[in-house]
Amino acid sequence: PFGAVSDPLSMVIAPASPVSGTAAALHLGFAEQRYFRNGLWVPAAGAFSFARASSGTYFDAGPSVQSAAADALRLNHDPVTGDPIGALLEGARTNLAKNSRDLDASGVVSGGAVADDGIWQTLTEDTATTFHRVVDSGYSVTSGTTYTLSRFVQYHDLQWVFLLFNDGANPFIATFDILNGVVGQKTANVTSGMVEIFDGAYLIWITGTSTSTYSGANIQIGGANTDTASVQSYTGASRVFRASEAQFEAASFPSSRIRTTSASATRAADALSITPVGGLPFEGFDLTKGTMVWEARADTFGERIAWSLYVNGSNFISGGGNGARALYAVSGGVNVADLYALPTVSRVRVAAAWSAGDFAASVNGAAVLTDTSGALPVGSPTLHIGSRNGNDHLFGSLEFLTYYPERLSNAELVAMAS
């Protein structure tokens, strides 16, 4: 979506609007690992500040799950193709599930046997008429809190599996067809989903809100003979499925894998930002006019923020990830622009612009949405990337983010969002 312009004195090729040739002041190309700031192409350390107070996992080009050290930016890849998709930016989460990569270390196996190849744990049914499952007990849940249980699973010759957790009063159950990638039946208190990952495997999950406070909750995974939202007793046939990367978190959707052994573990929030430095070329962000272009991949759960120009809670402009506001502006504590535009799809490209009484955004090249109300925010903002000042995190990957210090035309917004 970009052209380029060159500075004849420095021979620097800057990213630019493909329509007007207006040069960008900032370009963060996370997927391509190229960064432009202050009129120069610079390494990551010269482009932004980043911190995370723990390790964190991501998909490499394999693709397979890898662990990044504390304070290392996670450059994520498509979990099926291995193509680079940008910086993985998430809020803090805790995995309550113990021994996340060891199916039977803390769980009780019935109706079968478990083997471990170092990546996958394989559950093989026996031939008894019984429950074929692994039950991991001793978890605490709180009434009114929403929990998500998720795992990686892979088909061998057992088509249906189930996930379950309970709150002492009710079970939360769903079944999954891991041969065809289809979400099966579920109890009424559950939302469930599955997405393909590497090697024909899937991430599957169930989400539900606890109705009681209980210290004896358990989480389960097992085989199912049919698509029924219940734990089934059936006659086994020595069939097999594989599982790994168990995660049980107090949240309404699954996040990247948090590996555990004998106790829970917490992944800290990603904190990526740019605080302008006075006196440098092109430095600073103009709240009176500007354009931001970005591409994000995130699951469509709630308000996900790709970026924010943030002064304080009463003065900011922000752009959304998926299923959220394309552009949102608050001035003096008053909402002055609110463009809901992002579709509930896993990948969006957005171009949004602002000036006095003039806000506009194009999503995936569609006709611009506009808002002509209100004053602009005031102050000297910090650019927070992947959150709104540490809140409403993206929980997804940001492929790129480009800032222009001008309000580009609506035609340019459509062209750059296409």
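**Close-up views of a predicted model**

**View 1. Ala 53 and its neighbours.** Leaving aside residues up to four places away in sequence, Ala 53 touches Ala 70, Asp 71 and Ala 268. This is a predicted model, and here we start in one of its loops: Ala 53 sits between β6 (49-51) and β7. Is Ala 53 buried or exposed? Its relative accessibility is 72%, so Ala 53 counts as exposed, the cut-off for that class being over 50%. For a sense of distance, the C-alpha of Ala 53 is 26 Å from that of Tyr 139, and the two residues are 86 positions apart in sequence.

View 2. Across the model, the count of aromatic pairs comes to 18.

**View 3. Phe 59 against Phe 198.** These two rings form an edge-to-face aromatic pair, with 6.1 Å from centre to centre and 65° between the planes. Phe 59 belongs to strand β7 (residues 56-59), while Phe 198 lies in the loop between β21 (191-196) and β22 (202-209), so the pair ties together parts that are 139 residues apart in sequence. Both Phe 59 and Phe 198 are buried.

**View 4. Trp 120 against Phe 198.** Stay with Phe 198 and look at its pairing with Trp 120: the ring centres are 6.3 Å apart and the planes meet at 55°, so this pair is tilted. Here too, distant parts of the chain are linked, since Trp 120 is in the loop between β13 (112-116) and β14 (121-125), 78 residues from Phe 198 in the loop between β21 and β22. Trp 120 is buried, as is Phe 198.

**View 5. Stepping back to the chain around these sites.** Buried residues account for 53% of the 418. Among contacts with a separation of 6 or more, 63% are between residues 24 or more positions apart. The chain exposes about 15,500 Å², of which carbon and sulfur atoms supply 52%. Finally, the mean positions of its 23 positive and 35 negative charges lie 2 Å apart.

Key. Residues numbered from 1 in each chain as written. Predicted model: local features only at pLDDT ≥ 70, side-chain atom pairs only at ≥ 80, totals over all residues. Heavy atoms only, no water. Buried < 20%, exposed > 50% of the residue type's maximum accessible area, 1.4 Å probe, protein only. Contact = heavy atoms within 4.5 Å. Areas by Shrake-Rupley, 256 points an atom, 1.4 Å probe, with all protein chains shown as cover. Lys, Arg positive; Asp, Glu negative; His and termini not counted. Charge placed at Lys NZ, Arg CZ, Asp CG, Glu CD. Phe/Tyr/Trp six-rings, centres within 6.5 Å; stacked < 30°, edge-to-face > 60°. Helix = DSSP H or I, 4+ residues; strand = E, 2+ residues; numbered from the N terminus.
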